[in-house]
Structures are given as C-alpha cells and as structure tokens.
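Here are my notes on this model, as numbered points. Please read them with the structure open.

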Amino acid sequence: MSADKLAKMTWDNLPFSEEFIFDLHKDFSNLTTNLTEVQKKLLIESPNEFNTNVSNNWLNELHLKLKASPGFVLIKTGDLFTDEELRCIYALCCRSLGLLNNLYGYFYDVIDQGLDFTKKAIPVSMTSASTGYHTDSTAKNYLPDIVGLLCLYPGAVGGDSLLTNAANLYNHLYQNFLNELKLMQNPIIRDVITPGTTNSAETIIENAFPIFSFPNEGFTFRYMRFWIESAYQKTGQIMPKELIQGLNETDLFFSSSQNHLQYRLERGDILLLNNRFICHNRTAFENNTESSASHRKLVRSWINFE
Ligand SMILES: [Fe+2]
C-alpha cells in the first residue's frame, strides 16, 4: 500500500475530543420517535432489510472519521432516552453505515456471564476480564469493517475503553523491528472460538491469517495475543522467537500512554471504530452486586461497508 494511504490513517497526536465526539443528529432522534412498532421490530430483528434513507452531512462526516484518522467516533445521545429508544437510535446509526453481521446476533449484549475465557475457548465479551488489545473476530473468513458499541449501563467500577492505532504501530515496527514485522505478515494460527465452529487442532491450523495484511491495497491489522498463544499451545507448535518479539513490541507500544486513549463510556454513548486499523481494549470491571438491573451492559454490532 502507498505511504500516502498509511499516513491518512496514522495519528500525529492522540486525537482530541473535538475530533471524535459528536452529538446525535436530530434526524436520528426524530426518525426513532416516528417509527411504528412494525418498523422498530424490522430495524432490530432484520436491520439489513430496513431502509434508513438518512443522508446528511453529519453522516458523511462520520464516514470520513471512520475511514481515515482518527478511525473512530463517539456519539453522545444524552440521557433522555429509554433502553428501547437507545437501541433503535443505535440500530439506525449502524444500519446507516453499512450491513450488519449476524454471527452473534445483529445486536449482541456484552455482559458478564460469569465465565472465564482462560479456562474455556469463549469470547472475552462474555466475561468481566480485561480483554487485552485486540481487533474483533478471530475467524479467518470474516472481518467486520466497523465495530459498534452502545453503552446502556457502564457498570460500577472499571470497564474503561482503550483505543490505539495499528497504522502507528506498523510505522514503529517498520523502523525498528523489520524482521518481526515481516513475520507478522505471514499467516499465523489463531484459536477457534466463533459460535458454530469446532475447536480442534485441525480447525486451528486451518484458521491462519496474517496480523498485518494489505488487501486491495488497503491496510488490515488482525490481532489478539491470547488466541494466538492458545493456538500454538493447543496444536503443540513452538512460537518463533521473532513472533514473540513482535507481539512483545506490539503490546509495549500499545500500552504506552502516548499511544492510546482511555475513555469510560457513559449511558447512551455510541462508540464506532474502524476494526481494520483501530485496536481496542477494555479494562476489567466490577458490577454492583445489589442491583443486577445496573450491571454493565453494552450492545455490540459488527458492520461492513456496502
Ligand atoms: Fe472487542
């Protein structure tokens, strides 16, 4: 890919809040208020069949912010809406950006299900643990362009969102760790955790794809260290030294406070991020034990540009 294209994705500084925070446009709240029950059902249950028809400069601006630096947006909807209204507004925003994926459900509730991803091959989204820096989807043949998160309840403590930029990481590795970077452009095995798949040594070996790739002269970064390491363990393979070094440098780069943003989502916040070059993380969280109604609840969507 051209240096020019990569430069459009990289952050010169950590993005300022004015660059990525948007207030919800009134077209979206008005449209939600005017939806019939039948339209609401269609929007939530079969969003790809719902024709949004929303076209305005605000939406164009979102597209631009998502396709190049900063690569993410945070939409503030305020605190006036009910859960159902927030879900509809969120669905409209997601559908206005592209087609939604149904692998986990179009709108997947991210809540702590009391499970432990280090003991069983399940998505970290089912736990309260820190996820580590990652991009979404460990399946070789599916990658969402955009990851959407709606915050319904932020939870009692923790659960902050962290965002970092893999285009910046690429430049860092290119300048300082070229051998490691080259290795990270070869197919690398990943554990198999997607619903409806079989977790075996054979399927893991088949589930190999590069960390950095350049499909159609674009830039794609696919990363979650835990699932790479567990793939090597389960298949009895030894991780190459350069790969371990490359992953160490990746984590070191992302963890530096100069290279990531930390933000605690509030109720009604909609975070949309480009899953091809923005890498995300979540700090561990705790729920208030007295009231399960206020347990942390985010709604996740996977979106692909049409
Ligand atoms: Fe994620």
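1. Start with a strand pairing. Strand 5 (residues 146-153) runs antiparallel to strand 13, and five bridges join the two. Within this pairing, Leu150 sits opposite Ile270 of strand 13. Keep in mind that the model is predicted.

2. Strand 13 has another partner. Strand 2 (residues 72-76) also pairs with strand 13 in the antiparallel sense, again over five bridges. Here Val73 faces Leu272 of strand 13.

3. How many residues of strand 13 are buried? Six of the six, across residues 269-274, so the strand is largely enclosed by the rest of the structure.

4. Look at the two faces of strand 13 separately. In a regular strand, side chains alternate between the two faces of the sheet. On one side of strand 13 lie Asp269, Leu271 and Leu273; on the other lie Ile270, Leu272 and Asn274. All of these are buried, and both faces are covered. Note that Ile270, the residue opposite Leu150, and Leu272, the residue opposite Val73, are on one side together.

5. Now the helices. Helix 7 (residues 166-176) and helix 11 (residues 241-255) have axes that come within 11 Å and cross at roughly 130°. Angles over 145 degrees would count as roughly antiparallel, and 65 to 115 as roughly perpendicular. The two helices are therefore oblique to each other. The crossing of helix 7 past helix 11 is right-handed.

6. Which residues make this helix contact? Helix 7 contributes Leu169, His172 and Leu173; helix 11 contributes Gly246, Glu249, Thr250 and Phe253. By type, the contact residues of helix 7 with helix 11 comprise three nonpolar, three polar and one charged.

Methods
Residues numbered from 1 in each chain as written. Predicted model: local features only at pLDDT ≥ 70, side-chain atom pairs only at ≥ 80, totals over all residues. Axes fitted to C-alpha atoms, helices over the stretch in contact; angles between N-to-C directions. Helix = DSSP H or I, 4+ residues; strand = E, 2+ residues; numbered from the N terminus. Parallel < 35°, antiparallel > 145°, perpendicular 65-115°, else oblique. Left-handed = near helix turned anticlockwise from the far one by under 90°. Contact = placed C-beta atoms within 7 Å. Nonpolar A, V, L, I, M, F, W, Y, C, P; charged D, E, K, R; others polar. Buried ≥ 20, exposed ≤ 12 C-beta atoms within 10 Å, placed from the backbone. Pairing = 2+ DSSP bridges.
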